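Visitor: I am new to this structure and would like to learn how to read it. Please guide me through its features in turn.

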Amino acid sequence: MYFLFAKNLFRLISLSAILLLAACQPPEAEVWPENPGGNRLQIVTSFSLLQEWVEAVGGDAVVVRSFVGPEGDPHTYQARPGDLRKMVDAAVVFGIGFEFESWLPRLHRSSETPAPLILLAESLPAESLLDGHHCDEHEHGHDHHHHHDHLHDLPDPHLWMDIRMTQKLIDLIEAELTTIQPEQADVFAENAKAYQEKLTLLDRQLVSWISTVPEENRKLFTGHDVFAYFAERFGFEVIGSALGSASTETKDPGAGEIRELIQRIRDSGVQVVFPEAGSDSRAVRRIAEEADVAVAPDLYTDYLSLPDGPAYTYTEMMRHNVRTIVEALGGTVADEDE
Amino acid sequence: MSEALDIFSLTAVRRAYLAILLVGIPCAVMGCFVVLRRMAFIGDALAHTVLPGIVIAFLKGFHLFFGALVAGIITSFGIGWLSRRKEVREDTAIGILFTAMFALGILLMGQTGSFRDFEGILFGNILYLDRLTLQAMAVLGGLSLLLLASVFKEMELVSYDPSYAQTIGIKTEKLRYLLLLLLAFTVVGAIQAVGVILTSALLITPAATAALLTKKLPLMILLASLFALLGGWGGLTFSVFTNFPSGAAIVLACTLFFGLAYLYRSVFRK
């Protein structure tokens, strides 16, 4: 009896082992591309926007892979075994920093890769950065200290909402790549210059679009606090955000906070609120319903869309956002302008 | 193939395999008692109750691990105390304290504004382990196993037949507190490494698998440990090759063994 049991158990274990092994045979070429970079510099970035920028500067001299792809939220990401491999293969790892992708330093450390981790926003001079809780600054009369916390002492990492800040990031990327591969310095400089010019034109175009929005309408109420740089650049006032945090990972607003946010919307005369793609929009929709204001189409702030989406490149993302905002706030976008 | 294999030379991957050993065995051993005493809920509960501990530790600037441990110990004693008489059953006590502690954690989290610092502990990733965490896991796991071994006979008796154990003079209440305390050690050690869901799965699933195949406790413990290692290492290997998320792959591999054992039992032992 006991022997029979042991024999069956053995059979069971070997059967499971075979099943497991069979399941473990993926087409290898798909999982680990053989020497994907060729002789090009292998670079890994935390998320889709950074990938685009590094590709723009590096051109054919680099191969860039991203941990979080399009439509992936870089705030919340669970690393997988293949990511360790990406870390180890990379010549340099780019991130934004200031807890934008809080998992990145941990992943970098545990991979023990020799590649340096460059957190671009943290490399910029502190005085050029904006505070994370911008929306509270013009409300000193009220006492709502519930937003006070350690994390908000960090600057807002969403620099790219101001195109001039993105241009600073491009400069940093160019400098880093040049340090790693000085012999390609001319190529990087040329690529960076071309992209910078594109961004300058984009900035000019967006400013002209926004100029059609009546001054008194330039107010933003959004899903989470990511519009500080945008507001600074384009002369908007940030009325508030549903989550009151720059991260998508935060608790939902409490009943008292919701009441206060609704009050703020009413006081400010905001007619439309702007949820962002990817973050839970239930809170902002609920607030809009209570305050009886419209809800605009989703804005893209933290990542690119898939190629068939409205924000498949950084320039398209910014155009999509500004077009949505301008049209919702009573301005007009000249199509031939594009 | 050589391209695929060299990922195993990475320290982080080797640490993940080691972590399965350090966490899987204590979880599987403790899990046998948990399954025998029908308190499967406790793993999930303990894993959640550490939340207020880590939030307070964060606010006061202690190491989060310390906060988790204290909260785990408080919860386990709270469960023991609340269910010491028969008015409140143990599973009810677990249900009340688990939700209360978790709610307290959310409340306290309102003071900090963001979840992200706690993410590491609540949804720990087996690929992020550093040396210190592994050492903490080894100490907590080893301590639990040693303490358990020192009272193994009594604990076995109490788990199978508490009233008989009491009549022959075993202090069942003390043993119950001890078991809850050891569970807190094990669970806190494990969540730091692998997160809440995986901890609960490693505690219950291998033990439940073993319980399907034998009623003898020593053999059950042996089998549970074996299934924890097979499921853990198998799932991790699968995840390394396919790049599926490691935690989910491990849980599903453990569940696969449970399914096979269930099938085996249905076929061979009517």
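Visitor: Is B:R14 buried or exposed, and why?

Guide: A residue is buried if 20 or more other C-beta atoms lie within 10 Å of its own, exposed if 12 or fewer, and partly exposed in between, with C-beta atoms placed from the backbone. B:R14 is exposed because 11 other C-beta atoms lie within 10 Å. This residue is found in helix α2 (residues 11-36) of chain B; helices (H or I, at least four residues) and strands (E, at least two) are DSSP runs, numbered from the N terminus. Please note that this is a predicted model, in which local features need pLDDT of at least 70, side-chain atom pairs count only at pLDDT 80 or more, and totals for chains, interfaces and linings use all residues. Residues are numbered from 1 along each chain as its sequence is written, while chains are lettered from A and ligands numbered from 1 in the order in which they are written.

Visitor: Is B:T205 buried or exposed, and why?

Guide: B:T205 is buried, because 28 other C-beta atoms lie within 10 Å. Its place is in helix α11 (residues 196-213) of chain B.

Visitor: With which residues is B:T205 in contact, leaving aside its neighbours within four places in sequence?

Guide: Two residues are in contact if their C-beta atoms, placed from the backbone, lie within 7 Å. On that basis B:T205 is in contact with B:C254, B:T255 and B:F258. Distance in sequence and distance in space may also be set side by side. B:T205 and B:C27 are 178 residues apart in sequence and 9.8 Å apart in space, C-alpha to C-alpha. For B:R14 and B:I42, the figures are 28 residues and 30 Å, again C-alpha to C-alpha.

Visitor: Which residues of helix α4 of chain B are buried?

Guide: An α-helix has 3.6 residues a turn, so residues three or four places apart point the same way. In α4(B), the buried residues include B:F65, B:A68, B:A71, B:G72, B:T75 and B:I79. This helix (residues 64-82) has 19 residues and reaches 27 Å from its first C-alpha to its last, close to the 27 Å expected at 1.5 Å a residue; the expected span is 1.5 Å times one less than the number of residues.

Visitor: Which strands are joined to strand β3 of chain A by bridges?

Guide: Two strands pair if DSSP finds at least two bridges between them. Three bridges join β1(A) (residues 41-45) to β3(A), and the two run parallel; here A:I43 has A:V92 as its bridge partner. Three bridges also join β3(A) to β4(A) (residues 117-119), again in parallel, with A:L119 as the partner of A:G95. Within β3(A) (residues 92-95), A:V92 and A:F94 point one way and A:V93 and A:G95 the other way, and all are buried.

Visitor: What unit do β3(A), helix α5 of chain A and β4(A) make?

Guide: A crossover is right-handed if, with the strands pointing away from the viewer, the path from the first strand over the helix to the second runs clockwise. β3(A), α5(A) (residues 103-111) and β4(A) make a right-handed β-α-β unit.
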